[in-house]
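Please keep the sequence and the structure in view while reading.

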Amino acid sequence: MTADILNSTARRFPATDMPVGLMLALVAAGLPRTVLADLGIVAPESSLLYYVLALAPFAAWVVVALVRGTRRPFLDFLVLGALYGLSLLIVHQVLWDVGPSLGHNPPESAVAFAAGFDPAWRELALRVYTSGIAMMIGLGSGAAVGVVAWCAQVWRRLRGGRSAR
């Protein structure tokens, strides 16, 4: 990413100081792992490729958090995390019945949760539960990187470096 992308004065994503393009690029960076895992092309925790696909997007988030000044560092990344969680939710739901996706291999905790429902409602319960997990992953990731961004902002201010934009 160039400095122009990181600090563009282009249209900002709602409720954030991040340009729309940067926000969408950071969300999109996480999609390949989700899609490839749901399709069974790259099995979770199976190879170096899986870990690169899983961790590189978050490394990019951290780089942006450390390099890019903002007035609302925590909120910027919380919104990013919410969008990432929504992307997970959408991919999992769209690919629910394809290959080894969540529809065929739901987490044990989701199965246990759904077991408490009438059989007619079990699939909906599974989908709602896994959607909640996706949103918690997204929001948790965004909050964690938001703390990093906030700490970077405080450090820059204390060092007299770049001011927040």
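Ala15 is partly exposed, because its relative accessible area is 46%, a value that lies between the 20% limit for buried and the 50% limit for exposed residues. The structure shown here is a predicted model. Ala15 is found in the loop that links helix H1 (3–6) to H2. Its backbone has a phi near 70 degrees, which is a positive value in a residue other than glycine. In general, most residues other than glycine have a negative phi.

Glu45 also has a positive phi, near 55 degrees, and is likewise a residue other than glycine. The loop between H3 and H4 holds Glu45. With a relative accessibility of 61%, Glu45 counts as exposed, since the limit for that class is over 50%.

The overall architecture may now be considered. The protein chain contains 7 helices and 0 strands, and the order of its elements from the N terminus is α-α-α-α-α-α-α. Taken along the principal axes, the C-alpha atoms fill a box of roughly 60 × 30 × 25 Å. The protein chain has 165 residues, of which 38% count as buried. Among contacts between residues at least 6 apart in sequence, 69% join residues at least 24 apart.

How do these helices lie against one another? In general, two packed helices are described by the angle between their axes and the distance between the axes. Helix H4 (residues 48–67) and helix H7 (residues 122–159) have axes that come within 8 Å and cross at roughly 25 degrees. An angle under 35 degrees counts as roughly parallel, and H4 and H7 are therefore roughly parallel to each other. Their crossing is right-handed. On the H4 side the contact is made by Phe58, Trp61, Val62, Ala65, Leu66 and Val67, and on the H7 side by Ser141, Gly142, Val145, Val148, Ala149, Ala152 and Arg156. By class, this contact of H4 with H7 comprises 10 nonpolar, 2 polar and 1 charged residues.

H4 also packs against H5, at an angle of about 160 degrees and with the axes 12 Å apart. Because angles over 145 degrees count as roughly antiparallel, H4 and H5 are described as roughly antiparallel to each other. The crossing of H4 past H5 is right-handed. Here Phe58, Trp61, Val64 and Ala65 in H4 meet Phe77, Leu80, Gly81 and Tyr84 in H5. The residues of this contact of H4 with H5 divide into 7 nonpolar, 1 polar and no charged.

A further pair is formed by helix H3 (residues 31–38) and H5, whose axes come within 10 Å and cross at roughly 20 degrees. That angle makes H3 roughly parallel to H5. The crossing of H3 and H5 is right-handed. Leu31, Arg33, Thr34, Val35 and Asp38 of H3 make the contact with Tyr84, Ser87, Leu88, Val91 and His92 of H5. The contact of H3 with H5 has 5 nonpolar, 3 polar and 2 charged residues.

Attention now turns to the interior. In soluble globular proteins, nonpolar side chains tend to be buried together. The largest nonpolar core of this model has 18 residues, and those that touch the most other members are Met18, Met23, Leu26, Trp61, Phe77 and Leu80. Helix H2 (20–28), H4, helix H5 (73–94) and H7 are the elements that give two or more residues to this core. A second, separate core of 6 residues includes Leu102, Ala110, Ala114 and Ala125. Apart from residues up to four places away in sequence, Met18 touches Arg11, Arg12, Phe13, Met23, Leu26, Arg68, Asp76 and Phe77.

Two residues of the longer-range picture remain. Leaving aside neighbours within four places in sequence, Gln93 is in contact with Arg127, Thr130 and Ser131. Met136 belongs to helix H7 and is exposed, with a relative accessible area of 60%. Met136 and Gly81 are 55 residues apart in sequence, and their C-alpha atoms are 8.9 Å apart in space.

Note on methods
Residues are numbered from 1 along each chain as its sequence is written. This is a predicted model: local features need pLDDT of at least 70, side-chain atom pairs count only at pLDDT 80 or more; totals for chains, interfaces and linings use all residues. Side-chain values use heavy atoms; hydrogens and water are left out. Axes are lines fitted to C-alpha atoms, for helices over the stretch in contact, and angles run from 0 to 180 degrees between N-to-C directions. Helices (H or I, at least four residues) and strands (E, at least two) are DSSP runs, numbered from the N terminus. Angles under 35 degrees count as roughly parallel, over 145 as roughly antiparallel, 65 to 115 as roughly perpendicular and the rest as oblique. A crossing is left-handed if the near helix is turned anticlockwise from the far one by less than a right angle, and right-handed if clockwise. Contact means heavy atoms within 4.5 Å. Ala, Val, Leu, Ile, Met, Phe, Trp, Tyr, Cys and Pro count as nonpolar, Asp, Glu, Lys and Arg as charged, and the others, Gly among them, as polar. A nonpolar core is a set of buried Ala, Val, Leu, Ile, Met, Phe, Trp, Tyr and Cys residues joined through side-chain atoms within 4.5 Å. Buried means under 20% relative accessible area, exposed over 50%, partly exposed in between (1.4 Å probe, protein chains only).
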